[in-house]
Amino acid sequence: MAAKLNDYNRKRNFRRTSEPKGDLKKGRNGRLYVIQKHAAQQLHYDLRLELDGVLLSWAVPKGPSLDPSEKRLAVHVEDHPLEYADFEGTIPEEDYGGGTVMIWDRGEWEPLEDNPKKAYERGKLKFRLRGERLKGVWDLVRFRSKDDEEGKNWLLIKEKDEEARSSEETNVVEDFSFSVTTGRSIEEITEEAGSGKKESR
Ligand code: MN
């Protein structure tokens, strides 16, 4: 259990980055949900779901889609500390994940399986999101492919429900280009970090 955040801590130099150095929150049973827009070398959206004291994390290159026919690749990445859900700011360019991070959506998630931990380990999570921007039922499904022996590739899929929309009707990623907590654009977050102003926490 204590090893859960080792990958996270090993990849970062906390004297340089303003990302939180987190510890495992044992015994906490919250259901925090967050998506962070991450303007790194390649723009992506990091989906994070709290489970057993950490944030399970997937990098979604195209971001979520409200259209059930648009399956979005979600690359599983290392568990993040719970404090990361509050991180909005910049990571030094030359560092791991260098670039700007925006809190794009946040709220709570509700697993729709009796045992979400087992469902996660088996590679299929069904859950309801209660975010400010994303709601309704979603699936995360691991799939196997030859070039992915570690099993890092999952798909993020919107289920058909009253929150689903066709891609012709709406593009949620384009509709919301500002931080859900501070209203700032990626450019504003970058500028304010660069000018030495205190970053939002
Ligand atoms: Mn990222």
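Biologist: Which residues does W58 touch, not counting residues up to four places away in sequence?

Modeller: This is a predicted model, in which local features need pLDDT of at least 70, side-chain atom pairs count only at pLDDT 80 or more, and totals for chains, interfaces and linings use all residues. Residues are numbered from 1 along each chain as its sequence is written, and side-chain values use heavy atoms, with hydrogens and water left out. If contact means heavy atoms within 4.5 Å, and residues up to four places away in sequence are not counted, W58 touches Y45, D46, L47, L49, A74, V75, H76, V77, Y120, L125, L140 and W154.

Biologist: Which residues of the largest nonpolar core touch the most other members?

Modeller: In soluble globular proteins, nonpolar side chains tend to be buried together. A nonpolar core is here a set of buried Ala, Val, Leu, Ile, Met, Phe, Trp, Tyr and Cys residues joined through side-chain atoms within 4.5 Å, where buried means under 20% relative accessible area, exposed over 50% and partly exposed in between (1.4 Å probe, protein chains only). The largest such core holds 43 residues, and those that touch the most other members are L47, L49, W58, F127, L134 and L140.

Biologist: Which protein atoms are the donors of the manganese ion?

Modeller: Donors are N, O and S atoms within 2.8 Å of the metal (3.2 Å for Na, K and Ca), and sites may look incomplete because water is not among the atoms. Along the chain the donors follow the spacing H-x5-H-x1-D, and both histidines, H38 and H44, are buried. Lying 2.2 to 2.3 Å from the manganese ion, the protein donors are H38 (ND1), H44 (NE2) and D46 (OD).

Biologist: Which residue of β9 stands opposite V141?

Modeller: Strands (E, at least two residues) and helices (H or I, at least four) are DSSP runs numbered from the N terminus, and two strands pair if DSSP finds at least two bridges between them. Strand β9 (residues 153-158) is mostly covered, with 5 of its 6 residues buried, and 4 bridges join it to the antiparallel β4 (residues 72-80), where A74 stands opposite W154. Strand β8 (residues 135-142) also pairs with β9 in the antiparallel sense, over 5 bridges, and here the residue opposite V141 is L155.

Biologist: Is N153 buried or exposed?

Modeller: N153 lies in strand β9, and its contacts beyond four places in sequence include L73, A74, V75, V141 and R142. Because its relative accessibility is 15%, N153 counts as buried.

Biologist: Which residues does P64 contact, leaving aside its neighbours within four places in sequence?

Modeller: P64 sits in the loop between β3 (54-60) and β4, yet it counts as buried because its relative accessibility is 2%. Its C-alpha atom is separated by 9.4 Å from that of I35, which is 29 residues apart along the chain. Leaving aside neighbours within four places, P64 is in contact with I35, Y45, R72, W104, L134, W138, L156, V172 and V173.

Biologist: What is the angle between the planes of Y8 and F14?

Modeller: Rings of Phe, Tyr and Trp (its six-membered ring) pair if their centres lie within 6.5 Å, and planes under 30 degrees apart count as stacked, over 60 as edge-to-face and the rest as tilted. By this rule the count comes to 9 aromatic pairs. Y8 and F14 form a tilted pair, 6.1 Å centre to centre, with an angle between the planes of 35 degrees.

Biologist: How many residues apart are W104 and F176?

Modeller: These two form an edge-to-face pair, W104 and F176 being 6.4 Å centre to centre with 75 degrees between the planes. The pair links distant parts of the chain, with W104 in strand β6 (residues 99-111) and F176 in the loop between α3 (172-175) and α4 (186-194). W104 counts as buried because its relative accessibility is 0%, whereas F176 is partly exposed because its relative accessible area is 31%.

Biologist: Which residue lies over the face of W104?

Modeller: A charge sits over a ring if NZ of Lys or CZ of Arg is within 6 Å of the ring centre and within 35 degrees of the ring normal. R31 lies over the face of W109 at 5.4 Å from the ring centre. Over the face of W104, at 5.6 Å from the ring centre, lies R133.
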